[in-house]
Amino acid sequence: MKILANDGISRVGQSALENQGFTVITQKVEQKKLIDYINQNNIIALLVRSATQVPKELIDSCSHLKLIGRGGVGMDNIEVNYAREKGLYVINTPAASSESVAELVFAHLFSGVRFLYDSNRSMPLEGDTNFKKLKKRYGGGIELRGKKLGVVGLGRIGQEVAKIGFGLGMNVIGTDKYIDKVTIKLQVFNGQSIDVTIHSIGFDELLKTSDFITLHVPAQNKPLITASELKQMKKGAGIINAARGGVIKEDDLIQALDSGHLSFAGLDTFEQEPKPGIKLLMHPKLSLSPHIGAATLEAQERIGLELAQQISELLK
């Protein structure tokens, strides 16, 4: 039984599948050649991340296909309902990458409040000639401790973000259309823990009162954050999007940064992937990463093992 991991799979995940008798192919197949490759090689399971699309045409054309797996949370690149209507299993790994995404959020937050996104550009060019000038330019940072962090979306990733925020001494608030409250267990290395409850508040209230906002929602039909929402945010606030491209209207974000209303933003996802707009890439108040929220070694191992377990249970 052959499995095509078209966007890759961790070595431990591949080994777990091979130990169950599956043949795992990790060759990257171009999107336009994918249907023919699946049919010619009798592929029974297709594993993807965010790069490979699984449209209705592929589902209809590949009769041998029994399962589609997404390594990660969002499945907006897969026609999920249609595939299930056609009798295919569609699986993902919603919990495996939560910690990694949460840590990247704080990488962007720390970068923003200490101007690292810009100083890392300036130091190689001017560090030896304008050290004192740069020290003055970047010497007005602030601490995260004591600041209010607004978490939009209180699912698994949002809760992991909240844990780190609480650990840093931040005042964490949240909003979620479908969750009234969540109780988060904060654990430390020696096994001690404390439970903290977050009650979901109104979206507008969160916008107006947060020092920093981080977005953890699924792909949207239209932007959740536009000029209207950005204007409601506190002057000097910062915003992070490590969710999905299109959640923030990027032109409106640039205007809010240029006007000085927002102090900085961090983006891991973009409206146009894999070719973000040049205005974003060159903006001096943006901390940027190329959609790597789940791309840690630990997360990829968890994703691979979770996929392997599900596949073995469903197809063996």
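Me: Which hand does the crossing of H5 and H8 have?

Reply: H5 passes H8 in a right-handed crossing, meaning that the near helix is turned clockwise from the far one by less than a right angle; helices here are DSSP runs of H or I with at least four residues, strands are runs of E with at least two, and both are numbered from the N terminus. The model is predicted, so local features need pLDDT of at least 70 and side-chain atom pairs 80 or more, while totals for chains, interfaces and linings use all residues. Residues are numbered from 1 along each chain, and side-chain values use heavy atoms, without hydrogens or water.

Me: How are the axes of H5 and H8 placed?

Reply: Two packed helices are described by the angle and the distance between their axes. The axes of H5 (98-113) and H8 (156-167) come within 8 Å and cross at roughly 50°, as lines fitted to C-alpha atoms over the stretch in contact, with angles from 0 to 180 degrees between N-to-C directions.

Me: Which residues make the contact of H5 and H8?

Reply: Among them are Val 101, Val 105 and Phe 106 of H5, and Ile 157, Val 161 and Ile 164 of H8, where contact means heavy atoms within 4.5 Å.

Me: What lines the largest cavity?

Reply: A cavity is a set of points, on a 1 Å grid over the protein atoms alone, where a 1.4 Å probe fits but cannot get out, and lining residues have an atom within 4 Å of a point. Here the lining includes Ile 9, Arg 49 and Leu 307, and H13 gives the most, with four residues.

Terms used: On a 1 Å grid over the protein atoms alone, a cavity is a set of points where a 1.4 Å probe fits but cannot get out, and a pocket is an open set with protein on both sides within 12 Å along at least five of seven lines; lining residues have an atom within 4 Å of a point.
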